[in-house]
Amino acid sequence: MADRYGVIGHPVAHSKSPWIHAQFARATGEDIAYEAIDAPPEGFVVAVEAFRAAGGKGLNVTLPYKGEAYRYCAGSTARAAAAQAVNTLLLDRERPFGDNTDGVGLVRDLTVNLGRRLQGAQVLLLGAGGAAQGVLAPLAEAGAAGIVVANRTLARAQALAARVPGAAACGFDALAGRAFDLVVNATSAGLSGELPRLPQGLFRPGALAYDMLYGRDTEFLAMARAAGAATRDGLGMLVEQAAESFLVWRGVRPDTRAVLAALRAG
Ligand code: ATR
């Protein structure tokens with residue numbers, strides 16, 4: 001019987017992960033089954049335990065359970081601990097173990113798929129919620145010359161930046177007069193069609209604006225395009241974090257190019 005994996009979240013019906021992992025399994029010859037599990041509010045641990053009791057070997061965790069998944073795990077990798085969030089559960093051990101592949105997924109999309117150099121770059125990370133937490137340390141470790149976390153609520157930016165050496169924090173107003181090579185939008189503003197209240201002039205010549213959301217042209221990307229920046233949504237990050245999870249579970253890294261191209265072609 002195929003080894004069982006899945007993605008757990010709420011809602012999860014729209015998730016592309018089952019399709020992505022099915023492509024990875026086919027391409028690598030790994031015999032896995034991958035399903036979507038919708039866990040109702042308060043129902044995360046019960047759903048994970050049921051999956052585990054039924055022989056499930058691993059789960060991807062998506063909104064809103066990444067923080068809860070971290071607290072559920074008996075142990076975790078350093079990158080999950082840095083994010084205080086888990087997107088990859090390993091359940092085929094005595095006790096549940098957590099990893100976080102979101103940050104490496106973003107860094108691989110930026111550097112491998114998009115050919116961007118992070119070494120020496122001035123980086124701006126917008127937002128200080130769960131999405132930002134998962135990627136700040138990996139972005140900083142990729143060699144950015146400077147990294148600023150800006151958030152609508154300043155205190156949250158300060159709390160996040162304090163966990164990563166060299167990261168600075170500010171509110172949106174304090175960005176006036178500063179410019180960056182890479183601006184990553186990790187706010188959820190785009191989900192409600194909103195745009196963080198950012199000053200003009202944030203983009204250096206040749207800058208990339210990256211929105212971690214995917215499947216929609218956000219107000220942030222439209223604003224960045226109008227300002228002359230290159231733009232990209234988070235679809236590549238989604239595929240790359242999935243490939244890294246597959247590697248963690250199966251010991252083989254699937255090639256992501258064909259899968260990403262197929263998703264982009266719709
Ligand atoms: P997630 O896990 O998706 O990051 P979250 O923890 O609720 O979700 O965080 C949402 C992030 O988007 C926060 O940084 C939030 O800013 P606040 O900390 O000030 O709430 C940001 N955000 C959401 N809507 C926004 C908007 N319209 N403008 C600017 N920032 C917004």
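**Close-up 1. Helix α5 spans residues 102–113 in this predicted model.** The buried residues of α5 are D102, G103, G105, L106, V107, D109 and L110. An α-helix has 3.6 residues a turn, so residues three or four places apart point the same way. Just after α5 comes G115, which has a positive phi of about 65°.

**Close-up 2. N100 sits in the loop that leads from β6 (97–99) to α5.** Is N100 buried or exposed? Its relative accessibility is 3%, so N100 counts as buried, the limit for that class being under 20%. The side chain of N100 reaches the backbone oxygen of A85 at a distance of 2.9 Å. Not counting residues up to four places away in sequence, N100 touches T77, R79, A80, A83, A85, V86 and N87.

**Close-up 3. Q84 is a residue other than glycine with a positive phi.** Phi of Q84 is near 50°. The residue lies in the loop between α4 (78–83) and β5 (88–90). With a relative accessibility of 38%, Q84 counts as partly exposed.

**Close-up 4. E42 also has a positive phi, although it is not a glycine.** The phi of E42 is about 75°. E42 is found in the loop between β2 (32–38) and α2 (44–53). How exposed is E42 in terms of relative accessible area? The value is 79%, so E42 is exposed, a class that begins over 50%.

**Close-up 5. K66 is a residue of helix α3.** Its relative accessible area is 21%, and K66 is therefore partly exposed. Leaving aside neighbours within four places in sequence, K66 is in contact with V61, A85, V86, N87 and D102. Among these, D102 is one of the buried residues of α5, and A85 carries the backbone oxygen reached by the side chain of N100. How far apart in space are K66 and A131? Their C-alpha atoms are 9.5 Å apart, while 65 residues separate the two in sequence.

**Close-up 6. Cis peptide bonds join H10 to P11 and L63 to P64.** For the bond between H10 and P11, omega is about 0°. P11 is found in the loop between β1 (3–9) and α1 (17–28). For the bond between L63 and P64, omega is likewise about 0°. P64 lies in the loop between β3 (58–61) and α3, the helix that holds K66.

**Close-up 7. The ligand is surrounded by 16 residues.** Which residues are the closest to the ligand? They are N151, R152, T153, R156 and E194. The residues of the shell divide into 6 nonpolar, 7 polar and 3 charged. An N or O atom in the side chain of T153 is 2.5 Å from an oxygen atom of the ligand. For N151, a polar side-chain atom lies 2.7 Å from a ligand oxygen atom. G130 takes part through its backbone, with an N or O atom 3.1 Å from an oxygen atom of the ligand. Taken alone, the ligand exposes 640 Å², and the protein buries 77% of that area.

**Close-up 8. M223 lies in helix α8, which covers residues 219–226.** M223 has a relative accessible area of 23% and is therefore partly exposed. Not counting residues up to four places away in sequence, M223 touches L195, L198 and F203. How far from M223 is E94? From C-alpha to C-alpha, M223 and E94 are 49 Å apart in space, and they are 129 residues apart in sequence.

Terms used. Residues numbered from 1 in each chain as written. Predicted model: local features only at pLDDT ≥ 70, side-chain atom pairs only at ≥ 80, totals over all residues. Heavy atoms only, no water. Near = heavy atom within 4 Å. Polar contact = N/O pair within 3.5 Å; in protein donor to acceptor, adjacent residues only side chain to side chain. Areas by Shrake-Rupley, 256 points an atom, 1.4 Å probe, with all protein chains shown as cover. Nonpolar A, V, L, I, M, F, W, Y, C, P; charged D, E, K, R; others polar. Helix = DSSP H or I, 4+ residues; strand = E, 2+ residues; numbered from the N terminus. Expected span 1.5 Å × (residues − 1). Buried < 20%, exposed > 50% of the residue type's maximum accessible area, 1.4 Å probe, protein only. Contact = heavy atoms within 4.5 Å.
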